[in-house]
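Here is a colleague's note to read with the structure open beside you. Please take the points in order and find each residue as you come to its name.

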Amino acid sequence: MADNKIPYKIYLTEEEMPKAWYNLRADMKNKPAPLLNPGTGKPLTAEELSPIFCDELVKQELDDETAFIEIPAEIRDFYKMYRPSPLVRAYCLEKKLQTPAKIYYKFEGNNTSGSHKLNSAIAQAYYAKKQGLKGVTTETGAGQWGTALSMACSYFELDCKVYMVKVSYEQKPFRREVMRTYGASVVPSPSETTEVGRKILEMHPGTTGSLGCAISEAVEVATKNPGYRYVLGSVLNQVLLHQSVIGLETKAALDKYDIHPDIIIGCAGGGSNLGGLIAPFMGEKLRGKADYRIIAVEPASCPSFTRGRFAYDFCDTGMICPLAKMYTLGSGFIPSPNHAGGLRFHGMSTVLSQLYHDGFMEAQSVEQTSVFEAAEQFARVEGILPAPESSHAIRVAIDEALKCKETGEEKTIVFGLTGTGYFDMVAYEKYHDGLMSDEIPTDEELEKSFATLPQIG
Ligand SMILES: *Cc1c(COP(=O)(O)O)cnc(C)c1O
């Protein structure tokens, strides 16, 4: 296909949009290890999970056999409001870099939450409503998940309680107000409103919080209040399942023009956008149908894949959540308050952890200042101000494109542009004023955190 025939933006028609999510686990020979009950050390059953999560979501969480799960019509209708998201050919960036590489990005920032998180929020709210619940609780780091969930809850008229990591609550008052606009209540975490919050505050006075702390608080509130369940915006299998809509659309758009990507790149916090973006491609790879280089990009300040341990660990600081086998820095790890809040989680999706462990994907860690350098370079030519999280993927996409410039290879690179950075201007300000630092944990700090890993098997 001649390049000049490929449009700047490849859209799908409503008819071409995915009608089912794709469950990558169905094609994995080595399935991700099951979640364990921290009390008994045994795999969690649906009964044990049902006080925490909605029934339908428990089913999705535990299902590693069904390849395609139908997207309910109500959710597909909601998707149509802001999807399909465009797959953009970054002609302007290519030109600026003078690279022979062909760069595409899937842009998920085209909704008020400013990120891909709405794809799963609307699904989780739908199932909560269908079950007749009153409301849901959750945590949010940078605020994108909380915003997405607030939007989804107000659409289905559900109550929404958000525990927001304290450093973000203070740094991002505008996100907090967006959530309140949609009717959510927002509490800075750790807080005095929960038992676990009070315990964490006692142990770490003055802490700026972490996603792990906020999860513990949200779970406690959900399990103590009848008619409430807890929802999570990343890490879980169900979230990766919902996010597969990103990858399915990307694949359909590429297939329309017979484009075969060589490299697929995504940022990785808990792994949901990356897991969603790569799902159909990884599926082909697992079935031996095609091969792709897949790269996860994480911050050097919170390097779960590149420096973590593949072990069972708690998903939260309060150690009340199920144990998951994943690449982890230890549930006690509190990353330095960097500016990519969505990437500050100590663990990683069990699906991606298993795939990484089995050699199906690579991982790189990048430093904050180089991420913002890439963000700015991108913003100046592509007309989108990227989120700091997304800019991790931009960094590596640019690096790969520059390698092509040296070798003359015309590789096709696809990366996930997960969101916009309009609420992250404090971070951009720090970068412009030369006040941004790269805080990388020392080996000693990580060893200390690994020592808290639970002893399993
Ligand atoms: C939350 C978030 C991420 C990281 O979360 P994943 O679950 O790893 O995808 C990345 N980008 C943006 C814009 C986010 O809001």
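1. The largest pocket holds about 290 Å³ of space, and, as with everything that follows, this value comes from a predicted model. Its lining is made up of 13 residues, and those nearest the centre of the pocket are Phe333, Ile334, Pro441, Glu445 and Ser449. When the residues of this lining are sorted by class, 5 are nonpolar, 5 are polar and 3 are charged.

2. At least two residues each are supplied by β6 (135-140), α6 (144-156), α10 (211-224), α12 and α16 (388-407). By class, this lining has 10 nonpolar, 18 polar and 3 charged residues.

3. Helix α12, which spans residues 272-286, packs with helix α11, residues 237-256, at an angle of about 55°, and the axes of the two helices are 6 Å apart. Because of this angle, α11 counts as oblique to α12, and the crossing of the two helices is right-handed.

4. On the α11 side they include Val239, Leu240, Ile246, Leu248 and Leu254, while on the α12 side they include Gly275, Gly276, Leu277, Ala279 and Phe281. Taken by class, the contact of α11 with α12 has 9 nonpolar, 8 polar and 2 charged residues.

5. Helix α10, already mentioned for the lining of the largest cavity, also packs with helix α9 (residues 195-203), at an angle of about 155° and with the axes 8 Å apart. Are α9 and α10 roughly parallel or roughly antiparallel to each other? An angle over 145 degrees counts as roughly antiparallel, and α9 and α10 are therefore roughly antiparallel to each other.

6. In this second helix pair, Glu195, Val196, Gly197 and Ile200 of α9 make the contact with Cys213, Ser216, Glu217, Glu220 and Lys224 of α10. The residues of this contact divide into 3 nonpolar, 2 polar and 4 charged, and a careful reader may wish to set these counts beside those for α11 with α12, namely 9 nonpolar, 8 polar and 2 charged.

Terms used: Residues are numbered from 1 along each chain as its sequence is written. This is a predicted model: local features need pLDDT of at least 70, side-chain atom pairs count only at pLDDT 80 or more; totals for chains, interfaces and linings use all residues. Side-chain values use heavy atoms; hydrogens and water are left out. Axes are lines fitted to C-alpha atoms, for helices over the stretch in contact, and angles run from 0 to 180 degrees between N-to-C directions. Helices (H or I, at least four residues) and strands (E, at least two) are DSSP runs, numbered from the N terminus. Angles under 35 degrees count as roughly parallel, over 145 as roughly antiparallel, 65 to 115 as roughly perpendicular and the rest as oblique. A crossing is left-handed if the near helix is turned anticlockwise from the far one by less than a right angle, and right-handed if clockwise. Contact means heavy atoms within 4.5 Å. Ala, Val, Leu, Ile, Met, Phe, Trp, Tyr, Cys and Pro count as nonpolar, Asp, Glu, Lys and Arg as charged, and the others, Gly among them, as polar. On a 1 Å grid over the protein atoms alone, a cavity is a set of points where a 1.4 Å probe fits but cannot get out, and a pocket is an open set with protein on both sides within 12 Å along at least five of seven lines; lining residues have an atom within 4 Å of a point. Grid points are joined across faces, edges and corners, and a volume is the space filled by probe spheres set on the points.
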